[in-house]
Amino acid sequence: MATQQSRSAARVMMAPAVFLLLVWMLVPLCMTLWFSVRNYLPLRGGDLGFAGLNNYARFLSSSAFWPSIVTTLLIVGGVLLISIVFGVLLAILLDQPMWGQGVVRILVIAPFFVMPTVSALVWKNMFMDPVNGLFAHLWRFFGADPVVWLSDASIFSIITIVSWQWLPFATLILLTAIQSLDSEQLEASEMDGAGPLSRFFYITMPHLSRAITIVILIQTIFLLAVFAEIFVTTGGAFGTRTLTYLIYQRVLESQNVGLGSAGGVYAIILANIVAIFLMRIVGKNLDK
Amino acid sequence: MARAVTTQRKALNTALAWGIGLMIFFPILWTILTSFKSEAQAIANPPIFLGFDWTLENYGVVMERSNYARFLINSVIIAGGSTILGILVAVPAAWSMAFVPSKRTKDILLWMLSTKMLPAVGVLYPIYLLCIQLGVLDNRLALVVILMLINLPIIVWMLYTYFREIPGEILEAARMDGASLKSEILYVLTPMAIPGIASTLLLNFILAWNEAFWTLNLTSVDAAPLTAFIASYSSPEGLFFAKLSAASTMAIAPILILGWFSQKQLVRGLTFGAVK
């Protein structure tokens, strides 16, 4: 079908996008790799020469590294757990017949469209403020002392804020997947005497497994990069310094570019491990 | 649904779903309500839900004090510009991959996707440095280009999945009737592709509007969009709940409205066609 002429035309049409992305990927990546083996301190003498793998070793051995990994895992894991468990339950609920289904869907998905700085600030001040926040009012109503959320329960607070943004995303995708489930299958199993629980575990869950995997992979990639929510709430204090935030601080705040770049390479490797799995699933889907 | 559902069960579902839905929506609702309160009533204990003195004062103060219009214009330029530029670059690429696929099409698509996986923080300093050296730190055009590049993989992917749904038989029929490549594209394909392009435009506008890593790190005054405007309320202004709410409401309202139209595209766009 495709002629020689249309093939070369296709190549020309693809060229700008491929070229731009190639440049966008390679130039900064090479620069990061280059900086990571240099002693580069822009505010304290500039480029002080070759550093070998020193930066990589120092980034790993710095006292901030392992805590930042733990924080990252807690936040990513916590948000994933909340958004998958409640996402599945919510998706099943929203799939049931009810009045005003469209409106409920809109209510549930809305937080995903709120810009990260807004949701972080609204939660920080209007809900978690220890003096005037709604939670403080609620705690006092029950006679308890208000909790200083962002310092005493900092990671939990961040997980709450980020989950509020990502639960809608998980719900929407899982709902889309549930709606493609053949209802006759469910009916048949019901007639054969399967209870609601076994229908859930033997039909709904296997059907959802692929969508759940995709949600986990996509969210992991975005969650590893969470930035604004920490930037405007704790600024990395109170044990909320993730790997992303640690690198940001090394690079822009303390201007130790060599060290930060080595950290950046670690972050890139970490993200790529997740990405490989995601690409496999997406790639399989392309063949269909 | 062939299964009969009792009204009672339906009522129960409805109550439960609405309850949870309103709970999830509550922070947004509360922000919108608070934006119409006076500062004193905004922090009142017990909180006042509806019975407060409605006022538009906060909106006036926010607009006057912080030059809201400039941030808004920056957001529109950055989100709109990057999306349109992205579409211009992506349409030909997605088009040729969908209609003239080759052995390498799949690899190219997956490679494009992989560039999206690159963590921004890993290349923060190089981009920052390049912006300084090119003299485009805090420059709107630079952000237009950067956000375009960030969203380009998603744009190409979305367009590709839409274009692939256009049946090839229609093209053959047009060719048999003697249509040239140009008229084929202009009169046959374009009308069928417009809905897909529109959805892609919408979703990527939203993503660019809410982007908060590059916009926070590469802007200070001139090019700062609404994400940075809100971040400047971090402290101490953030303690003025009513004004914070008014600023927040203005920043999210346009996107909430657009978002309602793009729920379906969201699934397709962010799962790269893996869930439909």
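**Helix packing and chain contact in a two-chain predicted model**

In chain B, helix H9(B) and helix H12(B) meet through a set of side-by-side residues: Leu202(B), Phe205(B), Ile206(B), Trp209(B) and Asn210(B) belong to H9(B), while Ile255(B), Leu258(B), Gly259(B) and Phe261(B) belong to H12(B). Of the residues in this contact, seven are nonpolar, two are polar and none is charged. The structure in which this contact occurs is a predicted model.

The geometry of this pair may be described next. H12(B) covers residues 241–261 of chain B, and its axis comes within 10 Å of the axis of H9(B), the two crossing at roughly 150°. Because angles over 145 degrees count as roughly antiparallel, H9(B) is roughly antiparallel to H12(B). The crossing in which H9(B) passes H12(B) is left-handed.

H9(B), which spans residues 181–210, also packs against helix H4(B), formed by residues 68–99. Here the axes lie 9 Å apart and the angle is about 140°. That angle makes H4(B) oblique to H9(B). The crossing of H4(B) past H9(B) is right-handed, whereas H9(B) passes H12(B) in a left-handed crossing.

Which residues make the contact between H4(B) and H9(B)? From H4(B) come Ser75(B), Ile78(B), Ala79(B), Gly80(B), Ser82(B), Thr83(B), Gly86(B), Ile87(B) and Val91(B). H9(B) supplies Ile197(B), Thr200(B), Leu201(B), Asn204(B), Phe205(B), Ala208(B) and Trp209(B).

Chain B contains 13 helices and zero strands, and from the N terminus on its elements run α-α-α-α-α-α-α-α-α-α-α-α-α. Its radius of gyration is 23 Å, well over the 19 Å that the globule rule gives for 276 residues, so chain B is more spread out than a compact globule. Taken along the principal axes, the C-alpha atoms of chain B fill a box of roughly 75 × 70 × 35 Å. Of the 276 residues in chain B, 46% are buried. Among the contacts in chain B with a separation of 6 or more, 79% are between residues 24 or more positions apart.

Chain A may be described in the corresponding terms. Its secondary structure comes to 13 helices and two strands. The radius of gyration of chain A is 24 Å, while a compact globule of 288 residues would have a value near 19 Å. The C-alpha trace of chain A spans about 80 × 75 × 30 Å along its principal axes. Buried residues account for 42% of the 288 residues in chain A. In chain A, 69% of the contacts with a separation of 6 or more join residues 24 or more positions apart.

Finally, the two chains touch each other.

Notes:
Residues numbered from 1 in each chain as written. Chains lettered and ligands numbered in written order. Predicted model: local features only at pLDDT ≥ 70, side-chain atom pairs only at ≥ 80, totals over all residues. Axes fitted to C-alpha atoms, helices over the stretch in contact; angles between N-to-C directions. Helix = DSSP H or I, 4+ residues; strand = E, 2+ residues; numbered from the N terminus. Parallel < 35°, antiparallel > 145°, perpendicular 65-115°, else oblique. Left-handed = near helix turned anticlockwise from the far one by under 90°. Contact = placed C-beta atoms within 7 Å. Nonpolar A, V, L, I, M, F, W, Y, C, P; charged D, E, K, R; others polar. Rg over C-alpha atoms; globule rule 2.2 N^0.38 Å. Buried ≥ 20, exposed ≤ 12 C-beta atoms within 10 Å, placed from the backbone.
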